[in-house]
Amino acid sequence: MSEFEAVIGIECHVELKTDAKMFCGCPNTFGGEPNTNVCPVCLGLPGALPVPNARAIEHMLRAGLAFDAEIPAFSKFDRKNYFYPDMPKDYQISQYDMPLTQGGAVRYWLADGTLKVCRLTRIHLEEDTGKSTHAGSSDGRIAGSTFSLIDFNRAGVPLMECVSEPELHGADEAVAYLEALRRTLLALGVSDVKMEEGSLRCDANISIRPRGSRELGTKTEIKNMNSFRSVHRAIESEIARQIALIERGERVTQETRGWDEARGVSVSMRSKEEAHDYRYFPDPDLTPLSVAPARVEELRAQMPERPWQQFERYTGEYGLSVTQATQLIDAPALAGYFDRVVAIAGNARAATNFVLGDLSRLANERSVAVAESAVAPEHLAELIALVEAKQINSKIAKELLERMWDGAGSPRAIVEREGLSQTSDPAAVAALVDGVLAAHPAVVAEYRAGKVNVAGFLVGNVMKASRGKADPALVQELVKQRLG
Amino acid sequence: MSDAAARSATAIAADVQAGRVSAREITEKALARVAAVEPRVGAYLTVLDAAARAAADRVDACIRAGERLPLAGVPLAIKDNMALAGSRTTAASKILADWVAPYTATAVARLLAAGAIPIGKANLDEFAMGSSCENSALGTTRNPYDLERVPGGSSGGSAAAVAAGEATIALGSDTGGSIREPAAFCNVVGFKPTYGRVSRYGLIAFASSLDQIGPLAHTVADAALVYDAIAGGDPMDATSLDRPVEPASARLRDDLRGCKIGIVRQFDTQTLGDDVDAVYRRAYRDLEALGAELVEVTLPTADYGLATYYLIAPAECSSNLARFDGVRYGLRVDADDVREMYARTRAAGFGPEVKRRILIGTYALSSGYYDAYYVRAQKARTLIARDFERAFQSCDLIAAPAASCPAFRFNAKSDPYSMYLMDYYTIPMSLAGLPALSVPCGWVTPDGSTRPMPLGLQLCGPLFSEPLLLGAAHAYESATGHARAHRPALDEAVDHV
């Protein structure tokens with residue numbers, strides 16, 4: 001264990017999933033020919049005015065509730081003033097001291113199943129900017145470029161800014177935090193949360209300190225991470241870089257560093273920026289927002305199960321492994337299917353084995369999602385019940401499952417129609433055993449001469465004679481009894 | 001009909017509706033009048049000949065098709081800080097000198113839909129910052145009653161266009177008095193509705209929490225007609241009010257019986273000089289003669305109006321005008337990097353008054369000063385609004401001067417503060433968001449001049465009292481007829497209704 005502890009805070013920008021942009025009627029879609037998805041409002045033309053998107057506000061309230069934030073009765077939009085070419089009005093409509101939600105925390109879990117909490121400094125609603133492309137330089141960077149092109153298609157897209165407290169202590173925790181954030185927002189349907197498309201963007205503030213110290217070290221901000229994997233790599237690399245600096249007797253400089261995924265290193269972008277005075281003030285184009293407590297309660301009542309609650313249910317109540325639980329939580333349709341099966345069958349272990357085992361294998365082979373397959377949850381629950389009651393054995397169950405996948409319907413009906421019920425009557429099985437032993441005297445003689453592993457051959461033949469229906473355990477027992 | 005544009009909007013619309021004259025004929029006459037007097041008046045930055053004719057032909061087609069248009073064929077001047085699709089929209093600034101608006105302001109669109117004909121885009125103080133129109137970077141507008149004098153501002157072009165018969169009605173915008181003061185200077189009626197009554201969508205923002213569009217016209221009845229057409233909520237403006245609008249045209253009255261009118265103790269007109277004082281004293285007596293009961297009211301915080309306004313308005317403008325950066329539209333002065341391009345563009349594009357206000361506002365919002373300036377100003381604003389609320393517990397309307405003097409000569413107010421003082425009587429109402437208007441109330445002949453110049457009586461009511469306010473102003477106007485006492489100092493006589 002290193003003598004240093006990393007202290008990490010994550011700042012995320014999440015594009016909200018709405019039909020229209022935050023303050024105008026332009027569609028909120030990804031991509032498109034540059035500057036085709038724009039209007040006077042999102043271009044900041046003289047005289048244009050913003051009108052807030054009620055849906056985005058509702059998304060924020062739901063996200064706030066999901067992170068256990070307070071929802072104040074009043075909120076407002078403020079202007080953050082600074083000049084930037086891809087920001088049409090040269091101010092960003094944002095929320096400063098009265099955001100829609102206050103506080104809150106993200107509950108996440110680690111690979112060993114530990115549930116942890118990271119408090120949120122703030123969540124607020126703002127508008128996205130346009131996107132600059134620098135041309136005329138060899139590497140697409142602004143240095144050396146001769147001109148820049150701006151695409152305003154993204155300008156005005158509703159953006160949730162979510163800043164964590166510096167309470168994460170390593171790359172694993174940081175990524176687990178991000179995964180929990182992502183899962184929660186997906187479960188709420190408020191964002192696509194895709195790092196590749198930029199609907200989730202994050203920066204990490206990283207510092208180190210001697211283990212046990214309460215003071216914060218000098219932090220650096222790492223940008224340009226475009227996947228969870230690159231977040232993990234970038235954080236590990238930065239922690240190592242800072243430790244190496246300290247161990248060489250040097251100091252960490254406060255700066256912004258850009259992560260170069262291809263080279264696996266971060267590069268200094270700019271050192272400690274001159275303190276910006278954003279001159280925040282309430283946006284006079286937008287009236288203060290009031291949120292009715294009744295509306296908050298209504299939204300709270302509609303809150304779906306949150307991923308950490310689902311995790312606790314799966315690993316605690318159902319006894320699933322961390323991997324199994326996570327696998328299901330990350331496949332919401334499959335989890336929904338699984339939950340229905342468990343609700344009917346009441347046997348989580350069997351449901352897990354079928355859903356994550358045979359069914360998922362079939363789904364893979366046939367390229368059809370489990371939840372969309374012909375196997376109704378009710379029928380799978382029936383199959384589990386048949387196995388549990390020892391009416392069929394697992395071999396028959398597997399065969400039935402394949403037939404159900406192909407549309408055979410209720411397994412109970414098949415079992416009854418085709419007389420597939422397991423034979424557990426000792427007298428009937430004993431008769432089959434006697435028949436097989438009589439037919440293979442040489443094998444019986446080998447066994448008795450000490451070659452005990454030939455018993456398997458005899459058991460197999462009994463099973464075959466029963467057309468697979470005999471209770472395998474009973475067959476084993478009777479074969480050994482007769483031979484012994 | 002000698003001067004189509006000088007007749008009342010009501011009369012023109014009735015004639016066009018009845019087919020007695022076509023909108024196209026009215027429009028041609030208005031354009032001819034513009035051609036005749038515009039070289040001397042300079043009310044317009046852009047004359048919309050083609051757009052006006054096209055609009056007139058559309059109106060005539062609608063009338064033939066049996067449509068009813070309340071402003072059919074009425075010539076309209078549009079202050080050039082309002083967007084009209086396809087027209088140059090400059091805010092009288094070099095930074096927007098060549099900008100063509102791709103969309104139309106809601107208030108403008110509503111007037112065009114009501115049949116009004118856009119004759120031209122009227123001059124103003126740059127970005128509506130000023131009280132004389134002298135801050136226009138793109139042209140000089142002269143007062144039609146004395147071409148040596150300013151038309152007032154910032155809606156000086158709108159007021160002058162109506163006064164000179166170059167339009168029958170005009171749209172102006174009022175932030176601290178920018179409709180009322182030029183209306184007073186140019187012998188026309190100017191009306192600022194309650195904040196939020198008229199959509200600001202398409203109005204190039206100066207100070208968003210104060211800006212309000214309103215009409216300028218020869219008569220209160222015409223102003224009411226325009227107000228009725230433009231008022232009402234707009235889904236494109238989140239600060240517009242979505243409450244029903246009672247048509248003001250239906251509430252015009254001929255007396256003031258039962259109406260209590262407050263005279264503000266703090267607004268002592270004696271300080272304005274004997275002749276101006278006499279006009280206002282006479283005006284108050286005339287109100288009484290019409291049946292109004294005069295009561296004294298106090299606005300103890302009114303004196304803080306100017307200081308409050310000159311923090312809030314510049315603060316908002318410093319942010320509103322940030323977008324004029326040379327990146328997307330308007331003037332760009334190139335440089336080696338983007339920061340330098342911003343600096344050169346804004347240095348070349350903005351005039352001195354605009355720069356002064358951007359600097360004041362940036363300072364007022366800066367960290368460390370925000371609480372001392374912006375937050376305190378907002379608190380003062382609340383106190384001023386409360387003063388009015390209290391005053392309106394003992395009266396229905398308040399009467400006051402619209403400006404502290406008649407129109408002055410060009411370059412007479414060389415220091416900014418004496419110019420700011422012009423709005424002393426109009427700013428408190430703006431800060432409180434109240435509806436207020438200026439109606440001609442008499443004439444004085446300034447020292448060293450032989451030409452009488454008009455004064456305006458300001459009437460102000462509680463929030464949403466537009467019908468009461470316009471109704472009362474109509475009674476005063478009908479009984480006194482001050483506007484008709486003198487004619488503009490242009491060669492041609494203007495035939496007033």
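This report describes a predicted model of a complex, covering its confidence, its chain contact, its domains and its nonpolar cores.

## Basis and confidence

Residues are numbered from 1 along each chain as its sequence is written, and chains are lettered from A and ligands numbered from 1 in the order in which they are written. Because the model is predicted, local features need pLDDT of at least 70 and side-chain atom pairs count only at pLDDT 80 or more, while totals for chains, interfaces and linings use all residues.

The predictor assigns the complex an ipTM of 0.95 and a pTM of 0.91. Over residues 492-497 of chain B, pLDDT stays under 50. Where pLDDT is low, the predicted coordinates should not be read in detail.

## Contact between the chains

Chain A contributes 24 residues to the contact and chain B contributes 33 residues; two residues are in contact if their C-beta atoms, placed from the backbone, lie within 7 Å.

## Domains of chain A

An automatic or database domain assignment divides chain A into domain 1 (4-294), domain 2 (331-418) and domain 3 (426-483). The centres of domain 1 and domain 2 of chain A, taken over C-alpha atoms, are 43 Å apart.

## Nonpolar cores

A nonpolar core is a set of buried Ala, Val, Leu, Ile, Met, Phe, Trp, Tyr and Cys residues joined through C-beta atoms within 7 Å, buried meaning that 20 or more other C-beta atoms, placed from the backbone, lie within 10 Å of a residue's own. The largest such core has 274 residues, and Tyr177(A) and Leu71(B) are among those with the most contacts inside it. At least three residues of this core come from each of domain 1 (4-294) and domain 2 (331-418) of chain A.

How values were computed: pLDDT is the predictor's confidence in each residue, from 0 to 100. A residue is buried if 20 or more other C-beta atoms lie within 10 Å of its own, exposed if 12 or fewer, and partly exposed in between; C-beta atoms are placed from the backbone.
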